[in-house]
Each structure stands twice: as C-alpha cells, then as structure tokens.
Amino acid sequence: MPLYMDLHNLPPGVTPRDIAIAHVKDVEIQWKYSVKYSRYWFDQDTRKAFCLVDAPTVDAAVRVHREGHGLVADKIIPVAAVSIAEMLGAVEQEVPWASDSSDDPPLPESAFRTILFTDMQGSTAETQRLGDAGHMKQLRTHNDISRRALGACGGREVKHTGDGIMASFASVASAVECATMIQRDLDSYNEQHPNAVVRVSIGISAGEPVAEHSDLFGAAVQLAARVCAHAEAGQILVPNVIRELCIGKNFSFVDRGETALKGFDDAIRVYEVAWRG
C-alpha cells in the first residue's frame, strides 16, 4: 500500500493536546477506509504538523481526516517506503484512548529524533603533515565550532567519535540549520587559516533510535553515519525523508541520486544541503 506524508498548516492556538486528540480520532475510524495513520509530528513554533500514513489512495487518507476532525492536510506527498521503513523501523502501537473519555489523551515524549554526524576529512594525512599537536589544534577547532552550533540550534552531543561528533535533535530543521552553521563557520575559519584548514563531512537522518546508557542505536543512527561517510569534505548529505520534513523551511536541497549504503538492502536517495551563498 502506498505511503504518504501529509503537511498541515495549522491556525494559531493549536496545542499538542489538540493534535493528539485529532490523531486518536483518525485511528478510531481509519479502518473504514483501509488507512493507517501510524505517526505524526508537530512543530508548535511554526504551527505545522506532519502525518505518516499508509493509504490505498490520497482521497482515502483525506476522508479520514475530514470525517475524524476536519483538519484536512494542505499537501500530501508520496514517500519512498524504503526511506521511512529503514529510518523509523517499527512504529509503536498507540496507547488505547477513547475520544469520549473524560481523561486527556496520552502525550508521551516522542522518541522521534534527528541524528547528525560530523567527520573530519583527511585526518590521518593532516596528522602526518602537521604533527600530533597541529592535528589536535584542528580537532579542537572542529569541536569548538560544532559545539557552538549545537548550542545555538538546540542540539545534544551524544558522543565524540574521535574525528567527529554524533548529535541528536528533536527538530529536523534545527539539525539542518546546525549543519549549515558548522560548514559556514568552518569555511570562514579556513579562509583565515589556509595552511591548517579543517574539512568536515556531515550526514543527517531521522527516526526512532533506541536509547541505552546515554547513547543512541538503531537504523536511524546507522543511516546518518553511512550518509556522513558517503559525503565529501564540505558536504551535508541527507536522505529523502529529511528533505520532505523540511518543507516550508528556508533550505535548498540538490538531488544526488540513489546510492547503495553498507547495511541497507535497498538504494537510498540522498540530497545535498546547499549551504554556500
């Protein structure tokens, strides 16, 4: 069955509770139209909501929203099933809740996260050229610039990988903004230090990683790492779902085609975030 991502531009005053109630109403009647609304995301700052839905047709998905609560999507986008399946994995079952109950619907903190990896390029060659002290200076520059961007964009450093950083974001747009900030700040630094440039590749993915001992694991993390490894120095690469979740944001994406990534059975379509200019 086709997979879609829909976009809602919501009026002022809409709350997370309103969206949770609407989602529950969708789930209650979706069987009538052979539809499954499996997950939603809500950005309260921009009043945008996204729903992930399996539906036989676009019209069937629209009918569920219209009958359930009247909040019909402004746009519905076909999504490659491989992108969602690889990155989100199995979606947890919704907690049962009846719309006529006097209790509020459950509002657990979403496990959805955006994962970002940075990786310094040519670190071995730079160590040989600059020596250990020179390379450590480059690494500190990378760390300082990356952590400053994380702080500005609301990211959380999960761990240092030796030649890079793994970070987590609650917002897809914040992760992309952080990546562009890192590359722009490094570009400015390199112009001032032409003999000790720091070149970094960045990869971003999103999904529901498994948390354990303050670390994150799972397909979403693996895909972000693989996309980062595929990127060249100065590039920010993302899979299709990141581009789709940034609809309406001020980002530009360049299609780099499908690529085979280690650990993933199907080719993944990747996009480069255009950060220059």
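Mentor: Start with Asn190, which counts as buried because its relative accessible area is 16%, under the 20% cut-off. Keep in mind that this is a predicted model. Asn190 belongs to helix α5, which covers residues 172-192. Once neighbours within four places in sequence are set aside, the contacts of Asn190 are Val197 and Val198. With Val198 there is also a polar approach: a polar atom of the Asn190 side chain lies 2.7 Å from the backbone nitrogen of Val198.

As a general point, nonpolar side chains in soluble globular proteins tend to be buried together.

Beyond its neighbours within four places in sequence, Ile202 is in contact with Leu116, Phe117 and Thr118, with Ala179, Ile182 and Gln183, and with Cys228, Ala231, Gln235, Ile236 and Leu237. Of these partners, Ala179, Ile182 and Gln183 fall within the residue range of α5.

Next, consider Ala167 in strand β7, residues 165-169. Ala167 is buried, with a relative accessible area of 0%. Leaving out residues up to four places away in sequence, Ala167 touches Thr114, Ile115, Leu116, Leu150, Arg156, Glu157 and Val158. For Glu157, the C-alpha to C-alpha distance to Ala167 is 4.3 Å, at a separation of 10 residues in sequence. Leu116 is listed as a contact of Ala167, and Leu116 is also listed for Ile202.

Helix α1 has 14 residues and spans 21 Å from its first C-alpha to its last, close to the expected 20 Å. Its buried residues are Ile19, Ala20, Ile21, Ala22, His23, Val24, Asp26 and Ile29, and their cover includes β2 and α2 (58-68). The loop between α1 (16-29) and β2 (36-43) contains Ser34. Ser34 is not a glycine, yet its phi is positive, at about 55°. Ser34 counts as partly exposed because its relative accessibility is 49%.

Key
Residues are numbered from 1 along each chain as its sequence is written. This is a predicted model: local features need pLDDT of at least 70, side-chain atom pairs count only at pLDDT 80 or more; totals for chains, interfaces and linings use all residues. Side-chain values use heavy atoms; hydrogens and water are left out. Helices (H or I, at least four residues) and strands (E, at least two) are DSSP runs, numbered from the N terminus. Buried means under 20% relative accessible area, exposed over 50%, partly exposed in between (1.4 Å probe, protein chains only). The expected span of a helix is 1.5 Å times one less than its number of residues. Contact means heavy atoms within 4.5 Å. A polar contact is a pair of N or O atoms within 3.5 Å; within protein, one must be able to donate a hydrogen and the other to accept it, and residues adjacent in sequence count only if both atoms are side-chain atoms.
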